[in-house]
Amino acid sequence: MEERDKTQVIRIEDMHKTYILGTQRVNALDGISLSINRNDYIAIMGPSGSGKSTIMNILGCLDTPTSGRYILGGTDVSQMDDSSLADVRNRQIGFVFQSFNLLPRYTALENVALPLIYCGTPLKERTELAAKALDTVGLADRMDHRPNELSGGQRQRVAIARAIINNPTIILADEPTGNLDTKTSVEIMNIFEKIYSQGNTIILVTHEDDISKFARRIVRLRDGKIESDTPNPHPTLAGKD
């Protein structure tokens, strides 16, 4: 069996997130603790209102907890200000969304290179790195195409290439196959399998059981708490491209 790096990259300690809606107090997260190691491949599941979106936003440094700690790569990011969180997001987190979130006037290459612009990477270097990332997801021949010239599956591949361009600490995928048909969904999960096999850490939020089975560990939430956290001993392995 292949040896995996077990260095801890995420530690969540007794995390709470409370929203005030009118006169109601809603505990979106209610005392969650969770550890994630490098090269983990985790699916986070749960019914509507379970806390999936809230924990995804906090893991992605898009929001902060009401209380508790979030240690990312050895740094406590729980109460950072917006500017510091933005810097962490750009350097340590790769996002893949259900809706792709591509800029329509930019080519695939330009969309993928965007995070490197924010890092101040020179044009020549970011062009080379973006081309390499697109090649990784099988889109070397679509670099100059704009999103409206690509299929849904190809657009999601561009989004994945953009997510890995900075060699992030973690890749967060929020319902990445939600807008795709079954065949294309399997193709996208094959891309994630390839990225995982290269040593990356993947956290996948999904409501689809068949998609969660590609992960190596499944965390189920209910009412803001972790209902179960179990290894997946027999993950689905996508076919080769």
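Tyr19 sits in strand E1; strands are DSSP runs of E with at least two residues, helices runs of H or I with at least four, both numbered from the N terminus. The model is predicted: local features need pLDDT of at least 70, side-chain atom pairs count only at pLDDT 80 or more, and totals for chains, interfaces and linings use all residues. Residues are numbered from 1 along each chain as its sequence is written, and side-chain values use heavy atoms, leaving out hydrogens and water.

Tyr19 is partly exposed at 31% relative accessible area. Buried means under 20%, exposed over 50%, partly exposed in between (1.4 Å probe, protein chains only).

Strand E1 belongs to an open antiparallel sheet of four strands, ordered E2-E1-E4-E5. Strands E2 (24–37) and E5 (75–76) are at the edges with a single partner strand each, so one side of each lacks a neighbour in the sheet. Two strands pair if DSSP finds at least two bridges between them. E1 (residues 8–21) and E4 (residues 67–72) pair over five bridges. Ile10 stands opposite Leu72 in E4.

Next come the salt bridges. The structure holds 14 of them, each a side-chain nitrogen of Lys or Arg within 4 Å of a carboxyl oxygen of Asp or Glu.

| Salt bridge | Closest N and O atoms |
|---|---|
| Arg69 and Glu13 | 3.3 Å |
| Asp30 and Lys225 | 3.2 Å |
| Arg220 and Asp209 | 3.7 Å |

Asp30 is in strand E2 and Lys225 in strand E10 (residues 225–231), so this pair ties together parts 195 residues apart in sequence. Asp30 is partly exposed at 24% relative accessibility. Lys225 is partly exposed at 42%.
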